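My notes follow in the order I checked them.

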Amino acid sequence: MPPEIKVVENLPALSRAGADEFSRCAREALSAHERFVVALSGGSTPKAVFSLLADDQKDPAKCLPWERIHLFFGDERHVPPTDKDSNYRMADESLLSKISIPPQNVHRIRAELDANVAASQYETALRDLFPPKPGEWPRFDLIMLGMGPDGHTASLFPGTAALNENSRWVVANWVEKLKTWRITFTFPLINHAAEVLFLVAGDDKSQVLKEVLQGKPGVYPCQRVQPVNGRLLWIIDKAAARLL
Ligand code: 6PG
């Protein structure tokens, strides 16, 4: 399916639209099956989305049944959960610590461990929730993603080994330019989701976003996000959409 692009006024509007799309996907999934399985994105953009989601839970009309929701992380920095750069810490401070979700429904990447050990443990956790059928990939109901100024997404950075991973679900990925390991979902896992939601804001991303959405294919990692049987939705603010 061609990507859907929704342009909103600014970052607050993007955060509201992101939180509403999360809840819409949750209700849709929970009306069709027992659970809603979602992967949260990292970085700075989703923080306000998560805060709005936490606020929404105070409204009975918007409250979600968190006991039926499983939260995963699409990627993580190679740091302990208490570190300022931890995606888990960001999600915990803005959402998890404010909602009544069973702890066993929050699937943290144990990024304090060796990166390869953390990646294989996380794949095992995924296989527990999605017992693999031969040749089948797990189907997340929703995977949230961001885009970096270099066109990376999750921790799939330009020029890194994980870009070409076709069998693993989760890998450790060495990012030379950051001189660090990252733990990340792979493209096949991302592309088997029922919905992939990109949230992108800010003028500093407008040039790359134009090239990602309207430029030559196969240049940026983000361009390899193409759900095989799912929806691809970009919610972007006017500053990021400036050149489209
Ligand atoms: C991470 C993210 C990464 C992020 C982009 C955008 O761990 O950093 O998963 O892919 O989504 O770098 O980050 P910002 O939202 O901070 O611009």
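I began with β6 and its pairing: six bridges join β6 to strand β7, residues 180–185, and the two run antiparallel. Within this pair I found Val-170 opposite Phe-185 of β7. I note that the model is predicted.

Next I asked in what order the strands of the sheet stand. The sheet is open, has three strands with antiparallel pairing, and reads β4-β7-β6. β4 (75–77) and β6 (170–175) are the edge strands; each has a single partner strand, so one side of each lacks a neighbour in the sheet. For the twist I noted an average of 25 degrees from one strand to the next.

I moved on to the ligand. I listed 15 residues around it, and the closest are Ser-44, Thr-45, Arg-77, Ala-154 and Lys-205. Which classes make up this shell? I recorded two nonpolar, nine polar and four charged residues.

I also checked polar side-chain atoms against oxygen atoms of the ligand. Asp-75 places one 2.7 Å from a ligand oxygen, His-152 has one at 2.8 Å from a ligand oxygen, and for Asn-87 I noted 2.9 Å. Last, I looked up how much of the ligand the protein covers: of the 420 Å² of accessible area that the ligand has on its own, the protein covers 87%.

Technical notes:
Residues are numbered from 1 along each chain as its sequence is written. This is a predicted model: local features need pLDDT of at least 70, side-chain atom pairs count only at pLDDT 80 or more; totals for chains, interfaces and linings use all residues. Side-chain values use heavy atoms; hydrogens and water are left out. A residue is near a molecule or strand if one of its heavy atoms lies within 4 Å of it. A polar contact is a pair of N or O atoms within 3.5 Å; within protein, one must be able to donate a hydrogen and the other to accept it, and residues adjacent in sequence count only if both atoms are side-chain atoms. Accessible areas come from the Shrake-Rupley method with a 1.4 Å probe; for residues, only the protein chains shown count as cover. Ala, Val, Leu, Ile, Met, Phe, Trp, Tyr, Cys and Pro count as nonpolar, Asp, Glu, Lys and Arg as charged, and the others, Gly among them, as polar. Two strands pair if DSSP finds at least two bridges between them. Helices (H or I, at least four residues) and strands (E, at least two) are DSSP runs, numbered from the N terminus. Axes are lines fitted to C-alpha atoms, for helices over the stretch in contact, and angles run from 0 to 180 degrees between N-to-C directions.
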